[in-house]
Amino acid sequence: MNVFDIVGPVMIGPSSSHTAGAARLGRIARALLGERAVRADILLHGSFAKTYRGHGTDRALVAGVLGMRPDDSRIRHSLELAAATGLDVSITPADIPGAHPNTARIALVGESGRTARLEGASIGGGNVLVTNVDGMPVRVTGQHPTLIVLHRDVPGLIAAVTEVLSRSGVNICNFSLAREKRGGTAIMTIETDGAPDEALALQVQALANVLRVTRMESI
C-alpha cells in the first residue's frame, strides 16, 4: 500500500470512486481513441447509475474524455465544455450483469471516424480497472505506461513483441492476452515500468501480424 491508497487522490468532487476514478476511465478511453472525440455514448451500471448526477460522475467521465485530470477545476463545467467543443454526449443508466457496482461502458467516435470502446470500473481510492477493450477482455489499471497491441493470433508473436521491449530496456510489470478464437484476432495489454516511446511503439507496429498499437502513458 502506498500513500495514494491511504489519503486518496488530489481531485475535484465529493468521491474518489465516483469522480476521480470516473475521470481516469474517461481519460483512458480518450487515450485509446488517440484523437479528439466527437461522440461519447456512456452506459452506467450499479452505483454509478444511481448516483451519477449527485456525485458528478457524469461530469467526471466527460471531463476525462476531454482530456482533463481528476484535479482539473473545469470538471464542474465539463458538460458545457463538451457542448461548446462539439462533443456529443449520451449518458444512460443500464444493467450490466456481473459487473462491478461502479462500472461504465464508454464508446467513443473520433473526428476521423475512428472508434474506441471500453468497459471499466472505479474500484476505490481513485483507482480503476479496465476489463474490456473493443469487445475483448483486458486488464489495464492506468497506473503504468501501457502498450495495447491488436494482432493476429499466430505462433511467435508474443516473443517477438517482448523481444522488442527487452532490446529497448523496457521491463514488463503486467501482461495479459485475450483472443477471439485460435488463429483469429487477439489483444495484448502490456504494462511497463518505464514509458515506451513512440519509436518503440512503431517498432512493434512494424512486426508482421500486428494490426494496431496503442501507446498510453500512466493516467
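Asp 41 is partly exposed, with a relative accessible area of 29% (buried means under 20%, exposed over 50% and partly exposed in between, with a 1.4 Å probe and protein chains only). The model is predicted: local features require pLDDT of at least 70 and side-chain atom pairs pLDDT 80 or more, whereas totals for chains, interfaces and linings use all residues. Residues are numbered from 1 along each chain as its sequence is written, and side-chain values use heavy atoms, without hydrogens and water.

Asp 41 forms a salt bridge with Arg 39, with 2.6 Å between the closest N and O atoms; a salt bridge is a side-chain nitrogen of Lys or Arg within 4 Å of a carboxyl oxygen of Asp or Glu. Arg 39, partly exposed at 26% relative accessibility, also forms a salt bridge with Asp 88, at 2.3 Å. This pair links strand 1 (residues 37–46) to strand 2 (residues 88–94), its members being 49 residues apart. Strands (E, at least two residues) and helices (H or I, at least four) are DSSP runs numbered from the N terminus.

Helix 6 (residues 157–167) packs with helix 7 (residues 198–205) at about 155 degrees, the axes lying 10 Å apart; axes are lines fitted to C-alpha atoms over the stretch in contact, and angles run from 0 to 180 degrees between N-to-C directions. The two helices are therefore roughly antiparallel (angles over 145 degrees). Within helix 6, Arg 167 and Glu 163 lie 4 residues apart, about one turn of the helix, and their side chains meet in a salt bridge at 3.8 Å, N to O.

Technical notes: Parallel < 35°, antiparallel > 145°, perpendicular 65-115°, else oblique.
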